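Let's take a walk through this structure together.

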Amino acid sequence: MLQRIIKYSSEHEWVKPGVVLIILFLLCIIFSPTSSKGTYIFLKPENLANIMRQVSEIGIISVGMTLVILTGGIDLSVGSVLALSSVLTAFGIMDWQLGMFAILMLALFSGGITGWLNGFIVSKWKIQSFVVTLALMTIARGVALRISGMSSRNIGFGEGAAPEIFKVINTTLFGIPFPVYIFLFIVFIFSVFLAKMRTGRYVRIIGSNMEAARLAGIPVAGVQAFAFTCCGILAAIAGVIHAGQLFQGNPNDGMGYELDAIAATVIGGTSLSGGKGTVLGTLAGVLIIGLLNNIFGLHGMQKDFQLILKGVVIVVAVLLQKRNSS
């Protein structure tokens, strides 16, 4: 029985981060502060729903980051794309009087074109993705600052402002915040894409051995561009949700989101060298970070200690990956 479990775990990369998630969830219950009535604050439905709401934006970005890392690359521009998308959403609603469909298309286009440029430059001129996306990160942030005049734009409701349907982002269905459904739907779509579709399999093959993939006739440049484009579009979707949740577009938002997305992806078992990893593992990684943030917050832990402990968790995850691959 134990051998079967070990074999299943080795064949399914999401199992290990899933087990870690379950163990961490149990530890959060054990170490949860209690209310005056003796109930576990961590287990309150509103607290659990809040965890899911908080991880939904980073989760959507992390799915795109998983695709890019699987090809052997990395995308540092996602935080700036989120900021640009949220600014376009706010100004599109309040100042340009665009309809919701046009605003959504504009936001997605901003993410798509940024991602495509990342992928095109990386694949065309064989430049390290770290360098290319660092440059696009700066450009996207600069465009967001230029559009906004370096200040945030609040979103209001009523005549000549945001339509009431925009409030749906802040609503819940069966007690679960609406962005969580979007996040889980994206996880489902890209899990199927990687497991069942030819291009999804190409993503892994390229990350495992790019030269062999090229010799096998796989369109390496096209698949790389596709992965970066998906990553940019998903960051833009997170930007629209971000604007909807905060009722504003701020060009300074999203700073450091790329690091959280990379951390969630790595903790979820995706190899930074590419070729190995799953979206389900990334889902577990996102939830692990969400649980850590929540339990630290419930105990009133200072932000600096939170960052240190999260850094330790990431280092341990990378070391475990290295040990398993050796």
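Search the whole structure and you find three salt bridges. Keep in mind as you look around that this is a predicted model.

Start with Asp95 and Arg153, whose side chains meet in a salt bridge at 2.6 Å, N to O. This pair ties together distant parts of the chain, 58 residues apart. Asp95 sits in the loop between helix H4 (78-94) and helix H5 (100-125), while Arg153 belongs to strand E1 (residues 153-154).

Next, look for Arg214 and Glu211, which form a salt bridge of 3.1 Å, N to O. Both lie in helix H9 (residues 210-215), and because they are three residues apart there, about one helical turn separates them. Arg214 is partly exposed at 34% relative accessibility, and Glu211 is partly exposed at 43%.

Then there's Lys167, which pairs up with Glu164: their closest N and O atoms are 3.2 Å apart. With 33% relative accessibility, Lys167 counts as partly exposed.

Now leave the charges behind. Which residues make the nonpolar surface patch? They are Val19, Ile23, Leu27, Ile30 and Phe31, and the patch covers about 480 Å². Val19 is part of helix H2 (residues 15-30). At 41% relative accessibility, Val19 counts as partly exposed; patches take residues with over 30% relative accessible area, so Val19 clears that cut-off.

Note on methods
Residues numbered from 1 in each chain as written. Predicted model: local features only at pLDDT ≥ 70, side-chain atom pairs only at ≥ 80, totals over all residues. Heavy atoms only, no water. Patch = residues over 30% accessible without salt bridge, like charges linked within 9 Å, V, L, I, M, F, W, Y side chains within 5 Å. Areas by Shrake-Rupley, 256 points an atom, 1.4 Å probe, with all protein chains shown as cover. Salt bridge = Lys/Arg side-chain N within 4 Å of Asp/Glu carboxyl O. Helix = DSSP H or I, 4+ residues; strand = E, 2+ residues; numbered from the N terminus. Buried < 20%, exposed > 50% of the residue type's maximum accessible area, 1.4 Å probe, protein only.
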